[in-house]
Amino acid sequence: MTFPTNNTSSVTVKNLAARKLIKTVSTFVAGMVGTSLFCLGAYALTVDRLVERSAVPATYKWFLLKEIPGPRIIFESGSNSHHAIDTDAVGEALGRTAINIADNGGYALEDKLTRLETYTRPGDVVVLPLEWTFYHREKLTDNYVDTLFGSNRDYYQSMPLDKRLKRALSLPPATVISKLADRQTTTNEPTESPARDLFVSALTQPSGHQSRPNSTGPGAGVAEQSCDDYILGKAPTRQALTVGKNIKPALGRLQKLKARGVDIHFAWPVLAGEGCLTDPAYVEGFRAEIEAAVNGAGFEFLGTPGQSLYGQAYQDDSPYHIITAATDVHTRQMIEFLRAQGYGAPGEPLNITHFARHRLLELELAEASQLNQTPLEFGKSVSFDNAEQRDQIDFTAGWWAFEPYGRWMRDNRAMFRVTLPENLPSNTVLKIQGMTKSGRPEQVNISVNGNLVSSGLFGESVSLSVPVTGLPKGEALSIFIDLPEAGDPKSPKDLGESRDARSMTLHLQTMALTHAVEMPIMDEPVRQEASPLQAVETLESNVVAKRATFDVVPTLNTCSLVTPVLSVKQTELRYGNGWWAQEAEGRWMRSEEANFSITMPETIETGLPTSYLLKLTGDFFSETPDSINVTIDGDRVFAAEISDDGITSIRFNTYKAAGELEVTIKLSVPKLRSPKDLGLSTDDRTLTYFLKSVELVAA
Amino acid sequence: MLFTDPVFLTKFLPLVLLGFFATLFSKTRWHSQILLIGASLVFYSWFKSEYLILLVGSMGVNYVLAKHILVQPGTSKSKRILVAGIVANLLLLGVYKYLGFLTVNFNALFDLGLPDPKLLLPLAISFFTFQQISYLCDSHAGKMDPVSHNPLEYALFVTFFPQLIAGPIVHHAEMMPQFRKIITPSARAIMFCEGLCLFALGLFKKLAIADSIAPYANQVFTSVDSGAVVTSVTAWGGALAYTFQIYFDFSGYSDMAIGLGLLFAIRLPWNFNSPYKSENMSEFWRRWHMTLSRWLRDYLYIPLGGNRHGKVRQYINNFATMVLGGLWHGAHWNFLIWGALHGLYLIINQAVRAIAKFFGVLEIVETAKAIRISSWAITFFAAVVAWVFFRATTTSGAISMTLSMFGAVAEGAVHMPAPLQTILWGTLAAISAFILPNTKEISELFEKDLLKRSSALIGALGITSGVAASAAFLASLSLTQSPFLYFNF
């Protein structure tokens, strides 16, 4: 339509209408598009925030993929290869590090490819014995979606931004809302020593493979259906199977990976059981389609499906899981396949356990976040096993889980963090007690915030004293423990003690901020009714009393005129042989004999013998023994007296003015018994005497 | 290809729209018509290409028949052609839809041992058959202009993909003039916005509401169909869940279809108008699946005599129409019972009105608030009961569930508590169905000169559409999706 040039009003009206139309449409479209983008963006951001983050991978498989240096042979698929490929054996046979990152057949193929793209390096070899379902399943599974926020977070975190956005916008709102609700109700407890589960795997299945020596019996839904039904569904479904739409792009991505220098081979998943690969519709039809797609993309299969087929006797809990006997056969076959590809060469695969020991600690340290801790309290003991006080210790790296009496270091290095309170006395030390796995004192270096502050022996009878004077107060201090002279850590399993495969070094039990030196007696308020001479002598004795390892109580009323001493209440004994583990109030003797050492109270050396009274407080297990003999310093035996209140006293004289007293207790017990013997509990430890405390006073 | 398929949304629709807008630059209309017919045939064949021949064949035969009828409409010759056409159409429908049902029942009655043909129902056959029958009838009745009977427009009338699969059941009189209508760019732009809004709302109704309620309804009905007896609460819960599921599923689909039509500047007829707000069954059928009701009225009820032969005949006609309407949905006794129930409801409704009129209280009945609320409750309640037969796949299951709803619960009845998700979405569905304005009312905001409305309102419509679209998209991420219910019919 045209308008007369001189009819300006009609032009104006038309222009106005057009502008109004444009404004209306653009307002609507902008509102719709803008709102959609905002809603979807908010959703993606919510998903992103909900997925856990950590420098330490959530699973050992991810650790292997991310951290183990190459060139490697990597097995990637679902659980069938987790059991079927012994990568330790592959690595050894081919002289090359082999890792098994196969995890679950229900996980997304696209995301598996993303992790290969992100973490493989030129020279790596990837073998893909993908389960049959990977070739046709296009949708995410419930299990994968549910775990993507936690145990499978590394899949998400390894993605580039565009794939992350796509993945976030493929997760169902019901799951996201449920995770959001969980986040609201879960308290954010600090993650303590997050790599310890990975460390277990590093010790027990270092290259990622797990074998099953014996069948655990069919899992849920396995016995009720044939092998073919289990693998690809009922006959009508599996006969109609075709390669999924996602396979072509997946192969395209693998081609790019290959162009980057990563060798890629396909393989068939293992199957064990009766009725496997019997239906020609998928054995021939579907398989042919898969092979055509794979071969068409320039890849090849190692072997045939028939070569991955094992009998019912080799099935574990599902047709995809085989037991060790079949794993050995299958692994040997795989080694030959790989050797035929030219991968065998003389060489040593990496010692993955050794590597993991160090790298996991570094990752845990990297994971350590800023802390806002409750400071320690001066004079108050904090147990390494006390859950109530966990907010005072951050077990940053290198620890096994809590145990009743403390916590084991899993290797020769570990770190924990504590915060010092304000206004500490100038001579304060952090005193740490525990024991060593070897039973012998070990050389230990302590660094605080990266500076070496203490070095010396540590063991059951030698505590660690970390000087803290001058260290920052009110902020978390990194206390790093290093055993520079210890060899590779041993586990109870290594030592033939039990089946516990955890490697252990130090077992820390308590710590407390305490004085580095004794308090001067002048500060004590309990000087009462002492004679002037006594007072003078006591003052003199305290001038030389410099050892401050114990709680010190002035014993003015009990000290003799000749040899004034301080009594020592030995709440912290140095136990020797013959004791069971430390319990809350003391320790049980294992049998009739046990020894310990105590520090003598400081005296003024006079050249005369000093009389002492050694008081042992404790309980006998089943009956009071006929006699108790105590040997002091190895050769002098004293008969003990037992009072009605359970205190066993020994009087003795010694010329010794300072140092350690070695004490051996010998009981005369008719028969050794355990609580189990008496029908009290299932505890089968033989018990005789429960020593609660020891006091040494001048007699 | 479903309207909710990513392939449809990200590839098919944008491509067809682009092509369509490109054809607008052409001076002839047939470019766009060919494009839309081609796109519709691709859309149809995406489901099962084998049935494309059936669709094209049916279309061709009916076109030729109509052409012959239009030579001398109203004559005995044209009547013979019409009858032949109707028979041919019903035969086609009967073979694919009812032959199996009839075989099974004859075998049961007479022990004939006839083999069950087990024919797969061609998609949309009920819909395109009805549309073509109406075209033949109107051709014979002289309601068609022979000049307008051309193959392209006829093909587009039958196959236009937004309505091809599950309606609305369109009438040639409302469609074909639109193919020829000149639409200004501004009107086209506004229709496009309206279409986007309706499509988004329809997506939301289907994916967010209907599919969220569906799992519970499926769980309850699957149980009763497999012989379980459920508690009263469970039975009512399941029936209510399905009541809302089918409404939001089908009306959502219809909204999407209408929205898609508007993107191409074709206004399809409304199919729903808040049926659960109805105060009697006659009103319900004026608000529920309106295009089917219209078709049944125009091509079944009225030809049967309608209300022209006295009350009793009217009741019989109503009953027969509803029973046949029930059977149109599928070859199963449950659909027949569902139709019969609705026929009965209509008879009761008309009888009550006649009695009220006789006593001179009809006006009071129609205006008194308490009576209106009661009528609404009874109507809704009756519809819920009838849906049990519509949904159950076995007659025994439907009867068992109905008995449970009415308290006849045997010992050991199974209680299935509704999950929180169902309760929340069910509540939203109820509020939306009973109180909120429906999509037709929202759409009218566009139709009544959108340009004169405030920017805030236009923006609000855009934001609403955006929220609906994104919520629908997120809901579509659910790992289990229900197909459109009316695809079965």
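Predicted model: local features only at pLDDT ≥ 70, side-chain atom pairs only at ≥ 80, totals over all residues.
Visitor: What does the UniProt record say about residues 21-45 of chain A?

Guide: An unreviewed UniProt entry annotates that stretch as "transmembrane region". In the model, residues 21-45 of chain A are 100% helix and 0% strand, and the end C-alpha atoms sit 35 Å apart.

Visitor: Now strands. How do strands of a sheet pair?

Guide: Through backbone hydrogen bonds, either parallel or antiparallel. For a parallel case, take strand 3 (residues 125-128) of chain A: three bridges join it to strand 1 (residues 72-75) of chain A, and four bridges join it to strand 4 (residues 263-267) of chain A, also running parallel. Ile73(A) stands opposite Val125(A), while Leu128(A) has Phe266(A) as its bridge partner.

Visitor: Which way do the residues of strand 3 of chain A point, and are they buried or exposed?

Guide: Val125(A) and Val127(A) point one way, Val126(A) and Leu128(A) the other, and all are buried.

Visitor: Where can I see antiparallel pairing?

Guide: Look at the open sheet of five strands in chain A, ordered 9-12-17-14-15. One pair there is strand 14 (residues 442-448) and strand 17 (residues 476-482) of chain A, joined by four bridges; Val448(A) is partnered with Ile479(A).

Visitor: Why is one side of strand 9 and of strand 15 of chain A left without a neighbour in the sheet?

Guide: Strand 9 (394-397) and strand 15 (451-458) of chain A stand at the edges, so each has a single partner strand. From one strand to the next, the twist averages 25 degrees. Helix 16 (residues 352-367) of chain A packs on this sheet, touching strand 9 and strand 12 (413-419) of chain A.

Visitor: Last one: how do helix 3 and helix 5 of chain B cross?

Guide: The axes of helix 3 (residues 50-71) and helix 5 (residues 125-140) of chain B come within 9 Å and cross at roughly 10 degrees. Angles under 35 degrees count as roughly parallel, so these two helices of chain B are roughly parallel. Their contact has eight nonpolar, five polar and no charged residues; among them are Leu55(B) in helix 3 and Phe128(B) in helix 5 of chain B.

Notes
Residues numbered from 1 in each chain as written. Chains lettered and ligands numbered in written order. Buried ≥ 20, exposed ≤ 12 C-beta atoms within 10 Å, placed from the backbone. Pairing = 2+ DSSP bridges. Axes fitted to C-alpha atoms, helices over the stretch in contact; angles between N-to-C directions. Parallel < 35°, antiparallel > 145°, perpendicular 65-115°, else oblique. Contact = placed C-beta atoms within 7 Å. Nonpolar A, V, L, I, M, F, W, Y, C, P; charged D, E, K, R; others polar. UniProt positions renumbered as here; feature names shortened; annotations may be inferred.
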